[in-house]
Amino acid sequence: MTLVLVAFLVLLLVGLATYARIETTIAGNQQRQAQARENALLALQVALGQLQKHAGPDQRATATGEATGNAGAKHLVGVWDSTTPGSGPLTWLVSGSERAGATPDEVLAAALDPSSNATADQEFLVGSRTVSANADRIKVAKQDITAVGVPGQAGAVRVGRYAWWVGDQGVKAPVAVADNTDAITFAPYDSAEMRSRIRQQITVGAGAADTAGSPIFEPRDANNAPLVANEKISTVSQLAFLRTTASGAPQLGLTRVQQNFHTWSPNNFAVLADTKNGGLRQDLSLAPGLLGNAFSAWANFSGYTEPLTTTTTTSTETGTVTTTTPTEGILPPYGTEPLRRRVVMTPHQLDANASHQIAPILSYFLLTFNVRTESPNGTAPSGVEVRARWMISLWNPYTASIVPENLRIEVTGLPNSVQIVNEETDRAGNVGAPFSLRSAFGDPSKSGNPLNVSLPWDTATLPAETPAEDRKSWLPGRVYTWCSEENTDKS
């Protein structure tokens with residue numbers, strides 16, 4: 001009985017000792033894990049502090065080392081001061097830049113050559129399990145955490161180490177942006193016509209393509225739309241679940257994501273900082289006047305477009321309802337879609353900012369004069385006859401139709417003095433009385449006697465085979481040509 005009790009006590013002591021050792025090991029592991037987390041949290045706070053300190057001011061700009069041509073630092077982020085153009089970076093957002101007196105070159109030198117192995121004083125924050133090529137790894141210098149007053153130690157003692165690196169999402173392509181156009185139902189996107197064009201006017205993102213331009217995946221197709229909806233993709237590793245455009249739509253997988261770690265991003269966010277004057281840039285769509293008079297005039301669509309709907313008035317005396325429609329409606333008619341509209345020509349102003357000018361473009365112009373003597377009439381001197389011929393082409397460069405109008409071209413600067421010399425009968429070179437093309441063809445009622453060329457658009461002057469839509473509207477892209485008529489009047 002005594003031996004059994006002694007054996008039981010020994011077993012109990014061994015068990016208690018083993019349990020105590022296990023608990024001590026677990027506590028030590030938890031302590032080291034907690035310390036590692038605190039060190040990592042310190043690194044995060046230092047990184048955010050450096051980012052705010054150097055890139056926080058609005059007059060700062062960031063770029064990766066690839067922009068400087070340094071292959072070893074192509075994934076490191078530098079900060080430049082936009083108020084001193086031509087200067088080097090203020091710092092690089094990587095471990096070591098927080099040390100007092102550290103120069104950008106010293107910080108950069110400690111993080112170069114990611115292809116080589118890390119030393120005891122270096123660490124890979126982006127390693128081989130994250131990227132597929134060694135040249136894409138991020139190797140930084142470790143920084144010591146020191147403390148004074150450690151029992152049994154004199155002076156400052158290293159109690160931990162940390163490392164950090166700030167990446168640049170702005171240089172990556174956001175490839176998992178969901179299609180949110182269905183939620184845009186407000187005006188002017190509340191009609192079928194505008195909704196059919198909404199993706200031409202609103203950025204909805206796109207998937208990734210390979211170097212040959214072939215698509216790798218499309219976030220808005222039937223396979224991926226449910227995955228990217230409501231911003232479900234929030235980290236780069238989640239891109240591996242998206243499906244490719246190949247047959248059977250396999251998943252991208254981690255290998256493809258590793259190959260594009262530095263080029264793909266789930267989404268990007270930005271602040272519109274004014275790097276010249278400081279502060280935030282203003283949303284010009286909310287303050288169009290900041291763009292000047294020309295933009296304000298352009299934004300005033302009602303000032304140069306036809307009314308799109310009919311107007312109805314009711315007489316208060318008789319109760320009569322009167323409906324007024326545009327006299328020259330576009331063909332085909334408007335229907336229910338407001339996008340199909342005609343713009344009204346606005347006169348040219350000497351001040352380019354005076355109005356939003358709508359006018360066709362002069363694409364061809366021909367003006368010739370023929371000077372000759374009239375048929376001889378006995379022995380009397382022969383008179384001089386001058387004839388003009390012209391041809392003009394105008395082009396509608398807009399995507400909207402123009403309301404046709406009768407136009408006029410004014411040609412200024414015609415020769416005011418034309419001399420005629422008959423070298424056969426007057427060897428002395430005497431010249432006859434000069435005549436003026438400006439007086440013969442110009443308008444005496446206007447300064448400078450311009451030559452007026454009428455370009456009519458009256459329905460009666462158009463050829464009978466002209467289509468109906470050309471009679472009513474100057475359609476987009478159409479070119480029309482006018483030419484002079486034969487006129488034998490010698491007066």
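## Close-up views of a predicted model

**View 1. Three strands form an open sheet.** The strands of this sheet follow the order E13-E14-E18, and their pairing is antiparallel. The model shown here and in every view below is predicted. Strand E13 covers residues 361–373, and strand E18 covers residues 479–483. Both stand at the edges with a single partner strand each, so one side of each has no neighbour in the sheet. On average, neighbouring strands are turned by 10° against each other, direction ignored.

**View 2. Strand E14 meets strand E18.** Strand E14 spans residues 384–395. Five bridges join E14 to E18, and the two run antiparallel. Strands of a sheet pair through backbone hydrogen bonds. Look for Leu394: Tyr480 in E18 stands opposite.

**View 3. A salt bridge joins Arg387 and Glu385.** The side chains of these two residues meet with N and O 3.3 Å apart. Is Glu385 buried or exposed? Glu385 has a relative accessible area of 11%. Buried means under 20%, so Glu385 counts as buried. Arg387, at 34% relative accessibility, is partly exposed.

**View 4. Strands E16 and E17 pair up.** Strand E16 holds residues 407–411, and strand E17 holds residues 451–455. The two are antiparallel and share five bridges. Ile409 stands opposite Val453 in E17. Strand E17 has two faces. Leu451, Val453 and Leu455 lie on the covered face. Asn452 and Ser454 lie on the uncovered face. Arg408 is partly exposed, with a relative accessible area of 46%. Glu410 is partly exposed too, at 38%.

**View 5. Nonpolar residues gather in cores.** The largest nonpolar core has 29 residues. Which of them touch the most other members? They are Leu76, Trp92, Val94, Phe217, Leu239 and Trp264. Helix H2 (104–109) and strand E5 (138–141) each supply at least two residues of this core.

View 6. Trp264 is, like Phe217, among the core members that touch the most others.

**View 7. Thr245 reaches across to Pro215.** Thr245 is found in the loop between helix H5 (225–228) and helix H6 (253–259). Thr245 and Pro215 are 30 residues apart in sequence. In space, their C-alpha atoms are 7.1 Å apart. A polar atom of the Thr245 side chain lies 3.2 Å from the backbone oxygen of Pro215. Not counting residues up to four places away in sequence, Thr245 touches Pro215, Ile216, Phe217 and Glu218. Is Thr245 buried or partly exposed? At a relative accessible area of 43%, Thr245 is partly exposed.

**View 8. Ser97 is buried in a loop.** Ser97 is found between strand E3 (91–92) and H2. Its relative accessible area is 9%, so Ser97 counts as buried. Which backbone oxygen does the side chain of Ser97 reach at 3.4 Å? That oxygen belongs to Trp92. The backbone oxygen of Val94 lies 3.0 Å from a polar atom of the Ser97 side chain. Not counting residues up to four places away in sequence, Ser97 touches Gln50, Thr91, Trp92, Val107 and Trp164.

**View 9. Charged side chains pair up.** The structure holds ten salt bridges. One of them joins Glu123 and Lys142, with the closest N and O atoms 3.5 Å apart. This pair links distant parts of the chain, 19 residues apart. Glu123 sits in strand E4 (residues 122–126). Lys142 sits in the loop between E5 and strand E6 (143–148). Glu123 is partly exposed, with a relative accessible area of 35%. Lys142 counts as partly exposed at 24%. Which residues are linked in a network of salt bridges? They are Asp121, Asp144, Arg158 and Arg161.

Key: Residues are numbered from 1 along each chain as its sequence is written. This is a predicted model: local features need pLDDT of at least 70, side-chain atom pairs count only at pLDDT 80 or more; totals for chains, interfaces and linings use all residues. Side-chain values use heavy atoms; hydrogens and water are left out. Buried means under 20% relative accessible area, exposed over 50%, partly exposed in between (1.4 Å probe, protein chains only). Helices (H or I, at least four residues) and strands (E, at least two) are DSSP runs, numbered from the N terminus. Two strands pair if DSSP finds at least two bridges between them. A nonpolar core is a set of buried Ala, Val, Leu, Ile, Met, Phe, Trp, Tyr and Cys residues joined through side-chain atoms within 4.5 Å. Axes are lines fitted to C-alpha atoms, for helices over the stretch in contact, and angles run from 0 to 180 degrees between N-to-C directions. A polar contact is a pair of N or O atoms within 3.5 Å; within protein, one must be able to donate a hydrogen and the other to accept it, and residues adjacent in sequence count only if both atoms are side-chain atoms. Contact means heavy atoms within 4.5 Å. A salt bridge is a side-chain nitrogen of Lys or Arg within 4 Å of a carboxyl oxygen of Asp or Glu.
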